[in-house]
Amino acid sequence: MATRHKPNRKRSVVRGGLVAAMALTATSGTLPFLLSDAHAEPAPLTIPAPDRFKPVANPVYGAGPGGVVERTEVKDQSGLGYYRWTPDGGTPVDLPASSPYDDVNSIDGGGGSHVSVTSGDVVAIYDSSGQVQLKDMKSGTTTKYTLPSGHFYRGVFGSAVLTATRDANGNKNVLHVLRMADGQLTDTPVTGLNGWVAEDGMTLGGDDRTVAIWYAHPDGTRGVGLLDLATAEVTPVLPGATGANAQVVFTDAYVAWYSPEGGNTTARVLPRATPEAADTKIELGSGGEGTPRLGLVGDWLLTTRQIPQPADDFLAREGAPLTALPIAGGEPKTLLAHAGWRMAQVPGGGLAVTGGASSRDWAVRRVFVGDDGVPALRTVREVAPKEGELTRLSLTAGHLVTAESDTTYLPALFRRNITLGAAPSAGERSLLVRPDAQTTGETAQRVYDYRQPVGTGDGRTVVATTDADGAQVLVVLAADGTKTVVPAVDPQTGEKMPTGSDHYSTVRSASGRYVVFGDSGRGLEDRQYVVDLDASGGPKVVRVRQGQGGLAVWGTKLWMPGDTEGTLQAVDLKTGAVTETEPITDNGCLPQQMQAVGPWVYWDCYPSGSFSDGHGVYNTQTQQWSWAPRGTLGDGYVVAYDNDRGQLNLTPIGDVPHTVEAFTSQYNGPLVEADRFGGAIAYAKENSAQITVLDSGVATSPVAEIESRVEQSVNLASATDAVWDADWQLSKPVTGAQVTIRNKAGRTVFTGSAKEYAAAVAFSWDGRNGDGRYVNDGTYTWELTGTPADGSGAALKVTGTVELTSRTKTAAG
């Protein structure tokens, strides 16, 4: 073990908050800079919330020539709002109907209300108390019915109310047509059944002239009949057709029926003028999810699908296509890429439906027959998309990665490039990774849900999650989305990380090629794994720590609790060299959480507690410690949310805190991240996916190489590797990176631009000079230079040597 440093004078642990801590820090000479006068207000960047993938629920329950009856998903939850009448181009009007939580519009009032439109712009409303209202939305007049005692509601059709009463056996099989005439309610019994009607779901559809009835004879045969409201007589038209979950829709020209009972995939269409004529059968197809739903427009049968959502299926769906099938035969026509499953026939012709190409194109639309006889669309009202849910975010070297639960069909990770300065901007948001749409099972479908992505500083992103078997793993994602999975397995024993509610893996720290993931380090059985992403043969676990205590990595150094109480220990992951600090933690407490950025190491002995002490920041350059609030470490600052005051505060180490934003209402805590490879912070308020990114205002540390993989020699005659490769992990991004190659005499033989990605730089050289000829064998000096992208500190300058051999090459001096 290396000799521990000897501080200039003995330090004492200070309690009592910020003032005492600042006094101690200032008198000890630990401040690399004071920034109380350096808080120039940085220009913040606001990134709007992305749209939710699933369109806003906006079912249509009825439609007249001048408007539609609809309900819209409320803003702050998944329930639906009240029924309302929305006139075309007008202001919505709430209807006096109750609002059940789900999309129920039961004809027997099971959902609390039944709302329909079967005549002009007259809305019929029934509630479970036996009250019926007919509201003429054009004239403003209302006709009210109170159902007679013993009558059960079966629908409103035009000005008629269909009810059922019990027969001698107690079954609700006796049908009645009720009308209001001269202020008196008339009751006309229905005839023509010649038997008895099925009790459940007997009313299959209708308009102001006709109602489709599911009937049954005493001999057990069943079928569909048409009830003429003018005569109150039923005429059988589709013997043998089931009424179970059946739909019947009407236009002036046609009657169409469909039931999925028994796996049926065929709809039957009758001419309305001659329903006794042979029906036309239209195949709806067996492919696709869900149950077909029908509509009629002109000489076309319209269909979409009602797709159920099983409890164990988390795939978000936009809705099935709206397709028009020619009744006379021919090629179908797709009218909308996605549509809600509720469609409403418009009395007199046409149809209303909500749908579009995506959530951003969602609208209430009318379908009508164009001059060419083909169904066409007209937009009535746009339905704005709902804001998506942001569950985690990461900002590393200007790369913003977000975990989003519902902005695509399954929870996924997205990325953007962030540029701050005088004109801050966010690059195009692109998908980093998501499960395949065919993935099944909650574990696989929600593999990235509420999982914290962490950038490594070299363009890669890592996230700790579980595999299909529930085992903890580290997913490594290259910038192009290429994925590598590293199991949480002890390389010595093969033992896996324990599972269960007491063991939840997350990424604890990441810096270039090294990542720490695993348990929190608060329990005796906790395990934390150190992964080398660039190990020979691919990423692998190279160290495991079991027990209490946090780990953090920066460059090649792995920080952990020291062997002596109250100390911190750094292990060089390449050389194995160990250094240990003097006791610095409060009363020798054990750091359960650690963070490392540049020269700073943050430690916290009670990360889940309410202690005001037991945490601080250690400066590895001055070998002293400072008080800091409990929060997220950046390069020279800590950002923390003050829950009592509802404030997000930024504290430069050794300086007074200042408020980044004071929230108008208190939150459990926003999502907050500090860019460890830069000077920015990013945050999103609770229950909002809008992200704010701004410069911390704290001068960052000088750019430095913190890890490298540079070849020491290269054989230019090699058949497999005749190129000199070098990679450098830097502490923050640079611009204008280039490598200059000089010979022993100091003469430049080659200069080339290096590839910059995040806070890393890569360079390759084939041994040729600027003229394209190979240089002589020998030892050459290379020099990497670059300008700090944030403009803070001196330019980067790193040097080294490489030996070239090329016995078979024709060399140039």
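How many positive and negative side chains does the protein have, and how far apart do the centres of the two sets lie? In this predicted model, 68 side chains are positive and 89 are negative. The centres of these two sets are separated by 4 Å.

The secondary structure consists of two helices and 69 strands. The C-alpha trace extends over about 110 × 70 × 55 Å along the principal axes. The radius of gyration of the protein is 36 Å, whereas a value near 28 Å would apply to a compact globule of 813 residues. Of the 813 residues, 52% count as buried. When contacts between residues at least 6 apart in sequence are considered, 46% of them join residues at least 24 apart.

The largest nonpolar core comprises 27 residues, and the members that touch the most other members are W559, L568, V601, W603, V617 and L633. At least two residues of this core come from each of the strands β44 (552–554), β46 (568–572), β48 (593–597), β49 (600–604) and β50 (615–619). The most is given by β49, which provides four residues. For V601, the residues touched, leaving aside those up to four places away in sequence, are W559, L568, M594, Q595, A596, G616, V617, Y618 and T620.

Q133 belongs to strand β8, which covers residues 131–136. Its relative accessibility is 17%, and Q133 therefore counts as buried, the cut-off for this class being under 20%. Beyond residues up to four places away in sequence, Q133 is in contact with P96, V123, A124, I125, T142, T143 and K144.

G330 is located in a loop, with β25 (322–326) on one side and β26 (333–336) on the other. The relative accessible area of G330 is 56%, so this residue is exposed, a class that requires over 50%. In sequence, G330 and I213 are 117 residues apart, and their C-alpha atoms are 31 Å apart in space. Q133 is thus a buried strand residue, while G330 is an exposed loop residue.

Key
Residues are numbered from 1 along each chain as its sequence is written. This is a predicted model: local features need pLDDT of at least 70, side-chain atom pairs count only at pLDDT 80 or more; totals for chains, interfaces and linings use all residues. Side-chain values use heavy atoms; hydrogens and water are left out. The radius of gyration is taken over C-alpha atoms; the globule rule is 2.2 Å times the number of residues to the power 0.38. Buried means under 20% relative accessible area, exposed over 50%, partly exposed in between (1.4 Å probe, protein chains only). Contact means heavy atoms within 4.5 Å. Lys and Arg count as positive and Asp and Glu as negative; His and the chain ends are not counted. The place of a charge is taken as NZ of Lys, CZ of Arg, CG of Asp or CD of Glu. A nonpolar core is a set of buried Ala, Val, Leu, Ile, Met, Phe, Trp, Tyr and Cys residues joined through side-chain atoms within 4.5 Å.
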